[in-house]
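Keep the structure open beside you and look for each residue as you read.

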Amino acid sequence: MFGTVLALSAALSACGGNNETNNTGNTGGGTNTTDTTNQGGTNTTTPDTAAGDSYVAKALNGDYKGTKVTMFGPFTDADEQKFNASIKEFEDKTGIDIAYEGSKEFEATISVRVNGGNAPDIADFPQPGLLKGFVKDGKVIDVKSFLTDDYLKKQYNQSWLDMATMPGASGDVYAGVWARSSVKSLVWYNKKAFDEAGYKVPTTWDELMTLTDQIAKDGDPAWSIGIESGTATGWPATDWIEDIMLRTTTPENYDKWVSGELPFTDPVVKNAVKKMSDIWFNDDYVYGGRKSIATTSFGDAVKPLFDNPPKAWLHRQAGFITSFFPEGLSADSFDWFPLPPIDAQYGQPALISGDIYAMFNDRPEVRAVMEFFTTADSLKTWIQSGGVTAPMNGADPSWYANDQEKRMAEFLSSAKTIRFDGSDLMPGAVGAGSFWKGMTDYVSGTVDLDKAMEEIQAGWK
Amino acid sequence: MAKRRSKLKKSKWLVNAVLAVICLVWSIPTIGLLVSSFRPAADILQSGWWNVLPHREWQTVEQLTLPRDTDLREPIDVKGQTYTDDQLRAGVTVGDERYIWENRRARLLNVQEKHWGAITNFTTQNYEAVLGGKEYKIALPDGGTKTEKGSGMGQSFWNTMAVTVPATVIPILIASFAAYAFAWLRFPGRRSIFVIIIALLVVPIQVALIPILKDYTSLGLNGTYAGIWLAHAAFGLPLITYFMYNAISQLPKDLFESAFMDGATNFTIFSRLILPLTVPALASISIFQFLWVWNDYLVSLIFLGSQPEVQVMSMKIANLVGSRGNDWHLLTAAAFISMLTPLAVFFALQKYFVRGLLGGSVKG
């Protein structure tokens, strides 16, 4: 049952060319209220992608002035600042107050709030698996009740729409709108030192292993790996497995694996874990050796790359890791390459994660805000300040803060296979439980491969 | 006689020594936290806090550059002796000297000797970030950066005060009235009601969260101070009532009889006799309740939320580490700042504390 929901269409059509249209189509009723605080030379006119009677148009018309929309989500801190900056213009123009509340305990709290009848108007879910439960209970408002199919198709590629469709209390529901995404299949490196040492970016797995060996010969461990993350220790290992799964088996098998049809004990999964162990368990390849992996914080693991001289050379992590880079690092001193293909027939897949905004209370102003979040404009200043990739169409490549992030967007749009982070889709007991724990046990050496896979698989029961 | 005294002295000495050891063991983590709170994040990753104490450590006195073409997989020649790569990675001691890689790639080897040393690199940055708010550098489209300042602890400190003081006073006041009634007034069902209240002590607060939240939603109490005062008062009442009952029921009966003779009402007895006589008990239960509410995370998380106008310090601190835990080093400083108020309360009331704790048990 999970499988049908999660199945993504493999092909994402390249969409870069059409990006301008959404920005220039400024024909809505909102232009008369154009903000005059024109910061940093950005164009602040609001594109009106939907028809004139859309909720966004009404909001820009001032119909919902003075109303308040509450939002609840897991991001805090710098991300919260960036979020508030990105909605400010919309708030000023419409008079709707979007009150965001960020909590580190989002995952635990959202269930209590929804069940206690105190649901926020909009909640930000980084794990669609968590949202699925609320959709099944009929707590979430179907986005299609106020946005048309045609409009959504214009805003998102089909894969995203498929990922947002979840089984509700009565039939499938379009559970929310994708607001942000992040590319995971990235290998980071210290560009300056890398170039000085004369290394070349590998384009195949074999080249990657050759490079790893070369670096070991030159006297350094190639990889810096850390999976410690408090109670979530082990998650970076699950990302590795997902990435390698996509490169060693068919997308269909990946979907089956995520939905529980393909057990962890299957040779296909074991093969992926073995591929990972080839690097992880070789003390010449890993900074600090295998024993340090489970005790190194994922955020600290990237730091040895930027020591002078570098203590390690490669680090596989999602785009957000730039926020853990040492301060004062200039944009030309680091870069990334996609984790290379292992088996040519599966090409160069992209593993992604994203945040989906779901709506719990149906009021016209909430509809307007939800519709606003389907537009690339709702993310514009955030993209410009770095750290996110737009899941919706219409984000201008020139918005991206630096070349690295622009390439992430291009990588995403050109990838033939795109899959969502599997552990975020699996039920919590596996995806945020036995999978993390099993991998940690395996890496720290307390159990062997077979035992670890059995342990993880037990989470499905 | 003299012999006995020396024995007494000896045992006192022993007690003090044991206490000193216990104190030391208990305060070491706190001291470590304090030291770490003044160290830069990068340093904390490199070395433990105890390195601030003077100690013998390896210090580099000389650097050797081995030939560029040295094969690391073969025995490596250093000053006429050969060592394996593993040895040089871990550091190999020869006489007073130790050889250890500085940079294997450049074949740079450190020759180290033991010297006295201590870390002296301290910073107040952590405290500045916690008190004054973190600074976020946000890149602008034109290539520049804008510095946004996050909110500091000020607002959440007052929020916590606004939660804690009433949430300490209200339940203690109600519980003292109740304790007096249970101890000295005769009314039907006195025993059974008291037993029910004591039984409530074992109800875990977690099971009450969702039902109460539902009621709060319909009453509009979510995210308000009134709501959280009520919640803390309710969760605190059973224990405080029990505690105050113990203290009040131990007071001599004659006192109340003579007061009654003189025509005092129950309220007069309570305010003129009970309150002054139970000050030690009141003080110690105040400390308990104050600490509990001050450090509370769960109840605030559920009933108050993290909107900036009501967010309490425990939640603010939890959020300080950032979305992905990248600012973990701020926790040390934040923990110390949040400890200050409870410490002040504790020291202000501590002379009553021990008396109050023993109050019920020793008299009798």
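In chain B, B:R107 is found in the loop between β5 (97–103) and β6. The phi of B:R107 is near 55°, a positive value in a residue other than glycine. That is worth a look because most residues other than glycine have a negative phi, and most peptide bonds are trans. B:R107 is also buried, with a relative accessible area of 6%. The word "buried" means under 20% relative accessible area, while exposed means over 50% and partly exposed is in between (1.4 Å probe, protein chains only).

Before going on, some ground rules: this is a predicted model, where local features need pLDDT of at least 70 and side-chain atom pairs count only at pLDDT 80 or more, while totals for chains, interfaces and linings use all residues. Residues are numbered from 1 along each chain as its sequence is written, chains are lettered from A and ligands numbered from 1 in the order in which they are written, and side-chain values use heavy atoms, leaving out hydrogens and water.

## A glycine in strand β6

Now find B:G117, which is in strand β6 (residues 108–117) of chain B. Is it buried or exposed? B:G117 is buried, with a relative accessible area of 12%.

Not counting residues up to four places away in sequence, B:G117 touches B:L53, B:P54, B:H55, B:E57 and B:Q59. Touching, or contact, means heavy atoms within 4.5 Å. B:G117 and B:N51 are 66 residues apart in sequence, and their C-alpha atoms are 8.3 Å apart in space.

## Chain A in outline

Chain A has 20 helices and 11 strands. Of its 461 residues, 61% are buried. Take the contacts in chain A with a separation of 6 or more: residues 24 or more positions apart account for 76% of them.

The peptide bond from A:N308 to A:P309 is cis, with omega near -5°, and A:P309 sits in the loop between α14 (290–293) and β8 (314–316). Then there is A:D77, with a positive phi near 70° although this residue is not a glycine. A:D77 lies in the loop between β1 and α4 and counts as buried at 11% relative accessibility.

## Rings in pairs

Over all chains, the structure holds 54 aromatic pairs. Rings of Phe, Tyr and Trp (its six-membered ring) pair if their centres lie within 6.5 Å; planes under 30 degrees apart count as stacked, over 60 as edge-to-face and the rest as tilted. The rings of A:F72 and A:F106 have centres 5.3 Å apart and planes at 55°, so this pair is tilted. A:F72 is in strand β1 (residues 68–73) and A:F106 in helix α5 (residues 106–115), so the pair ties together parts of chain A that are 34 residues apart in sequence. A:F72 is buried at 1% relative accessible area, and A:F106 is buried at 0%.

How are the rings of A:F75 and A:Y100 arranged? Their centres are 4.4 Å apart and their planes at 10°, so the pair is stacked. It links distant parts of chain A, with A:F75 in the loop between β1 and α4 (78–94) and A:Y100 in strand β2 (residues 97–102), 25 residues apart. A:F75 is buried at 4% and A:Y100 at 6%. Both belong to a cluster linked by ring pairs, together with A:F83, A:F90, A:Y357, A:F372, A:F373 and A:W382. The charged end of A:R180 sits over the ring of A:F75, 4.7 Å from its centre. The rule here is that NZ of Lys or CZ of Arg is within 6 Å of the ring centre and within 35 degrees of the ring normal.

## Where A meets B

At the interface, 46 residues of chain A are in contact with 41 residues of chain B. The area buried between the chains is about 3500 Å², of which carbon and sulfur atoms give 48%. Buried area is the accessible area (1.4 Å probe) that two parts lose on being put together, summed over both. In chain A, A:D77, A:Q81 and A:K104 lose the most area to chain B, together 16% of what that side buries.

The rule finds 2 salt bridges across this interface. A salt bridge is a side-chain nitrogen of Lys or Arg within 4 Å of a carboxyl oxygen of Asp or Glu. B:R89 forms one with A:D284, the closest N and O atoms being 3.3 Å apart.

Notes:
Helix = DSSP H or I, 4+ residues; strand = E, 2+ residues; numbered from the N terminus.
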